[in-house]
Amino acid sequence: MLKAAAVACVVALATATATLAADSAPGRVPTVTRLVKLFLEREDALAAAMSRGDSAALAQTLSDDFELRTGARAAAPVPRAEFIAAAERTRPPARPVGRMAVHELGSVAIVSFVQGEDARTAIFVVDVWRQDAADWKLVVRYASPAGASDFAIPGAGHAQPEIPKKY
Amino acid sequence: MRKRLFQQMLFASCAAALVASVNAAQVLAPEDDEPDLVPTGKGWGERATPTPGYVTHGNGNAKPGGGGGGSSNGINYHGGPLILGTTNVYYIWYGNWSGNSATSILTDLAQNMGGSPYFNINTTYYNGSNVHVSNSVQYAGSTNDSYSHGTALSDAAIQAVVAGAINSGAVAKDANAVYFVLTSADVTATSGFCTQYCGWHTHGTIGGVDIKYSFVGNPDRCPNSCAAQTTGPNGNAGADGMASILAHELEEAVTDPDLNAWYDRRGYENADKCAWTFGTTYTKNGAQANMQLGTRDYLIQRNWVNAKGGYCATQYP
């Protein structure tokens, strides 16, 4: 029992240390398409509004039919009012947004990114934004733990080797 | 009893160590604390003009030194090489460019970039021996590649296109050059063209030489993402859009060719710090332009001046 606990402790520490080392490595250059720049600013403003518990700013950003769906409760969406109330109550700290991609489909933009730099707590987010006159409204957010790159996802088994590059 | 007590102590120590390591991870997360930048979000920081009365340190240059240490100009030197002396530029026209005025517009750009007040911004960057980048660019040649790797190019395929051009002798093997793979509008790059980036640069060993190369896609494929406007001062929205991206990659490839020279604490290279900002513009052929190079007008993004506190500009001094 004692030996098992000690081994578990060493393994957990080694894992934490390895993660820490990876997290502290310098990041890559962010993306530079116009839409990525635009939505980096939008997502940053949204995260800042949540961290302030700014319900007015959130109400302005979220569409009337907004909902949040998380992987753990995929069939139980968090409706708009609850989302805003949770932000007011918990004021989650704004975390860095990175590795963003934007797919524009007419008046809809699908924005994916990773929020947070610590691999253990980072969240992979997919936001669906709808153009509303000259503005954009967030219609739905899908979010789940970012997970590990070796987690088996169908279709993702033959990733191209990544050549280090800067945009 | 003693064994149980020891188990409890072990558990407590382990938990404390884990908490400490988690906290350390959070503490190690990069801080965005550059005082000379106006934050516009997690992605971008820029300042339109030098702050009046900004106090520079020493000769006004950023401090050389590894580790992304502090800098008076908002960008840091990390010890790697720069492209010094004349920078040669080679174009690899990939896909179908027949009848497209891009071949003239972008060739003129490369022929007139050197010596310009715009490219002179790069002379504010230097290596560890304080040798500065030269305001000298030579258009050294081009070749055509008719879809040797299809219409959906992986990163590896793009490197293979460059290697093919060099190894076949179509263009010279030149360590003091930047090779641009310029793709026609029917070609994409599968690692994120149009959704993440409009262009990129990197380096690799080809024929035993460290070759610097870049991908620049045609914004006609995704104008909302990669073109600043729907038309261009030279009447070719795609090519006019490519001009700005090409300039962006060239100035980054010169000042950070091996990805280990000049960039800031967030990883931004010089042109990243001014991406999609153009300064004062004027109208030419129904489109916006901000500089004349040779006989043509272009709308080219600003670049980061590594002096006087650091700022985005279209010319230096």
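The largest nonpolar core of this structure has 84 residues, and B:Y91, B:L106 and B:L182 touch the most other members. The model is a predicted one, in which local features need pLDDT of at least 70 and side-chain atom pairs count only at pLDDT 80 or more, while totals for chains, interfaces and linings use all residues; side-chain values use heavy atoms, leaving out hydrogens and water. Residues are numbered from 1 along each chain as its sequence is written, and chains are lettered from A and ligands numbered from 1 in the order in which they are written. The points below treat the cores, the disulfides, and the cavities and pocket in turn.

**Nonpolar cores**

- A nonpolar core is a set of buried Ala, Val, Leu, Ile, Met, Phe, Trp, Tyr and Cys residues joined through side-chain atoms within 4.5 Å. Buried means under 20% relative accessible area, exposed over 50%, and partly exposed in between (1.4 Å probe, protein chains only).
- In soluble globular proteins, nonpolar side chains tend to be buried together.
- In the core of 84 residues, the largest share, 9 residues, comes from α5(B). Helices (H or I, at least four residues) and strands (E, at least two) are DSSP runs, numbered from the N terminus.
- Leaving aside neighbours within four places in sequence, B:Y91 is in contact with residues including B:L106, B:A110, B:Y139, B:F180, B:L182 and B:L246. Contact here means heavy atoms within 4.5 Å.
- Another core, of 25 residues, lies apart from the largest one, and among its members are A:A49, A:F113, A:W136 and A:A143.

**Disulfides**

- A disulfide is a covalent bond between the sulfur atoms of two cysteines; the criterion applied is a pair of cysteine sulfur atoms within 2.5 Å. Over all chains, 3 disulfides are found.
- The sulfur atoms of B:C194 and B:C222 are 2.0 Å apart and form a disulfide. The torsion about this S-S bond is about -75 degrees, so the disulfide is left-handed. The pair links distant parts of the chain, 28 residues apart: B:C194 is in the loop between β8 (188–189) and β9 (199–206) of chain B, and B:C222 is in the loop between β10 (209–216) and α4 (223–226) of chain B. B:C194 counts as buried because its relative accessible area is 11%, and B:C222 is likewise buried at 11%.
- B:C198 is joined to B:C226 by a disulfide with an S to S distance of 2.2 Å. Its torsion is about -90 degrees, so this disulfide is left-handed. Here B:C198 lies in the loop between β8 and β9 of chain B and B:C226 in helix α4 of chain B, distant parts of the chain 28 residues apart. Both B:C198 and B:C226 are buried.
- B:C274 and B:C312 form a disulfide, with sulfur atoms 2.2 Å apart. The torsion about the S-S bond is about -95 degrees, so the bond is left-handed. This pair also links distant parts of the chain, 38 residues apart, with B:C274 in the loop between β11 (262–263) and β12 (282–284) of chain B and B:C312 in strand β17 (residues 311–313) of chain B. B:C274 is buried because its relative accessibility is 0%, and B:C312 is buried at 2%.

**Cavities and pocket**

- On a 1 Å grid over the protein atoms alone, a cavity is a set of points where a 1.4 Å probe fits but cannot get out, whereas a pocket is an open set with protein on both sides within 12 Å along at least five of seven lines; lining residues have an atom within 4 Å of a point. Grid points are joined across faces, edges and corners, and a volume is the space filled by probe spheres set on the points.
- The structure holds 2 cavities of 30 Å³ or more.
- The largest cavity has about 100 Å³ of space. Its lining has 13 residues, of which B:A228, B:Q229, B:D240, B:G241 and B:L299 lie nearest its centre. Helix α5 (residues 237–255) of chain B gives the largest share of this lining, 4 residues.
- The second largest cavity has a volume of about 90 Å³. Its lining residues include A:V32, B:C198, B:S244, B:H248 and B:W276, and α5(B) gives the largest share, 4 residues.
- The second largest pocket has a volume of about 520 Å³. Of its 23 lining residues, A:M50, A:F83, A:P92, A:I123 and A:R141 lie nearest the centre. The largest share of the lining, 5 residues, comes from α4(A).
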